[in-house]
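Hi,

Here is the structure I promised to pass on. Have a look at it first, and my notes follow below.

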Amino acid sequence: MFEDSLIESGGRLKTRRGRTSAIAFLLEIMIIIVMILIPLIFTEALPRTQLMTFLVAPPPPPPPPPPAAAPVKIVKVIQTDIVNGELRTPTKIPQKVQMIKEDEAPPPVMSTAGVIGGVPGGVPGGQMGGVIGGIVNAASNLPVPKIATPQRIRVSSGVQSGLLIRKVNPTYPPLARQARIQGVVILQAQISKEGNIENLQLISGHPMLAPAAIDAVKQWKYKPYLLNGEPVEVETQVQVNFTLSGG
C-alpha cells in the first residue's frame, strides 16, 4: 500500500488505465454511430410538416391582366344644307333621299391633222409616237462610236499554237547530245500582223539548247490573229522540247 501511494514507483507497478481508455473510446464511437444511424433508419420520426414545405412547389404566378380595350369613337353625322353660301343645319330629317346623277364627260376630240401613229390630239406635222417617239428616233440616228482596236495583245501559248501553220523542228546540238542534255526551252515571242516571228527572248532553258531553239522558232509561221475583224500583233510564249531517243 505504501509503495502504491508513492508518485514514483520505479515502473514496477502495472496499471490498467490504457486498456480502460481504449474501451471507453470505442464505446463513445459506437454511441455516436448509433445516434447518426437512428434518424436514417427511422424516418417516421423526422418532422413531416417541415419536409413537406420543402417538397411542395410554389404556386404559379398570376396571369397578366388583359389589354385595355381601345376607346370607341362615336361620330355623329348631321346632314347640313348650304343656303346662300352659308352652312346651316336642317330643321327636319327627310324621309326620302334623292340621288343626283351627273352626266358623263364627253370623249376627247381626236385631232385628224396629226401624223399617222402619233399621239391623239397632237399638232399638225408632229412626230411619230409623240415626244417619246421623237427621242427614240433621234437616239437611233446618232452615230455609234467605234472602239479602237489595240495594236498588240497578249495571247496564251495554247491559243496561239492553234494558229501555227508552219513549224520547223530544231537541230539537236551535237555537244548537248553527247552530254545527254535534254529539256524544255521557253521563249518570249512577238508575232507580227502577218504571222511572222519578229522578236525572240529566252525565258528559261539550257544554254546549250537555247541557240538551236531560237534558230528553229524564227522560221515558224502563224495565221494572223484577228480582233474585231482586224489583224493585230501578238505577244506569246513558245516552248521547244529537246528529248533524246532511248534516254
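Which residue in strand 6 is the bridge partner of Ile-191? It is Ile-197. Before I go on, some ground rules: this is a predicted model, so local features need pLDDT of at least 70 and side-chain atom pairs count only at pLDDT 80 or more, while totals for chains, interfaces and linings use all residues. Residues are numbered from 1 along each chain as its sequence is written, and side-chain values use heavy atoms, with hydrogens and water left out.

**The chain overall**

The chain has seven helices and nine strands. Helices (H or I, at least four residues) and strands (E, at least two) are DSSP runs, numbered from the N terminus. Of its 247 residues, 16% count as buried; buried means under 20% relative accessible area, exposed means over 50%, and partly exposed is in between (1.4 Å probe, protein chains only). The chain exposes about 21,300 Å², and carbon and sulfur atoms supply 62% of that. Those areas come from the Shrake-Rupley method with a 1.4 Å probe, and for residues only the protein chains shown count as cover. As for contacts (heavy atoms within 4.5 Å), take those with a separation of 6 or more: residues 24 or more positions apart account for 62% of them.

**Strands**

Two strands pair if DSSP finds at least two bridges between them. Back to the pair I opened with: strand 5 (residues 183–191) and strand 6 (residues 197–204) run antiparallel and are joined by six bridges. Their hairpin has five residues between the strands, and Gly-195 there takes a positive phi near 95 degrees.

Strand 9 (residues 230–242) turns up several times:

- Strand 5 runs antiparallel to strand 9, with nine bridges joining them; Gln-188 has Gln-237 of strand 9 as its bridge partner.
- Strand 8 (residues 225–227) is also antiparallel to strand 9, joined by three bridges, and Leu-227 stands opposite Glu-230. In the hairpin of strand 8 and strand 9, with two residues between the strands, Asn-228 takes a positive phi near 60 degrees.
- Strand 3 runs parallel to strand 9, again with three bridges, and Arg-152 stands opposite Glu-233.

**Salt bridges**

That last pair leads to the charged side chains. With a salt bridge taken as a side-chain nitrogen of Lys or Arg within 4 Å of a carboxyl oxygen of Asp or Glu, the count comes to three. Glu-233 forms one with Arg-152, the closest N and O atoms being 3.2 Å apart. Glu-233 is in strand 9 and Arg-152 in strand 3 (residues 152–154), 81 residues apart. Arg-152 also forms a salt bridge with Glu-235, at 3.1 Å between the closest N and O atoms. Since Glu-235 lies in strand 9 and Arg-152 in strand 3, this pair ties together parts that are 83 residues apart in sequence. Glu-235 meets Arg-154 too, at 3.2 Å from N to O. Here Glu-235 lies in strand 9 and Arg-154 in strand 3, so the pair ties together parts 81 residues apart in sequence. Put together, Arg-152, Arg-154, Glu-233 and Glu-235 are linked in a network.

Gln-190, in strand 5, counts as buried at 14% relative accessibility. Leaving aside neighbours within four places in sequence, its contacts include Arg-152, Ile-197, Glu-233 and Val-234.

**The aromatic pair**

A search of the whole structure finds one aromatic pair. Tyr-172 and Phe-242 sit edge-to-face, 5.5 Å centre to centre with 85 degrees between the planes. (Rings of Phe, Tyr and Trp, its six-membered ring, pair if their centres lie within 6.5 Å; planes under 30 degrees apart count as stacked, over 60 as edge-to-face and the rest as tilted.) Tyr-172 is in the loop between strand 4 (164–166) and helix 6 (174–178), and Phe-242 in strand 9, 70 residues apart. Both are buried.

**A nonpolar patch**

Finally, Phe-25, Leu-26, Ile-29, Ile-32, Ile-33, Ile-36, Leu-37, Leu-40 and Ile-41 make a nonpolar surface patch of about 890 Å². Patches are made of residues with over 30% relative accessible area and no salt bridge; like charges are joined within 9 Å, nonpolar side chains (Val, Leu, Ile, Met, Phe, Trp, Tyr) within 5 Å. Ile-41 lies in helix 2 (residues 17–41) and is exposed, with a relative accessible area of 57%.

Cheers
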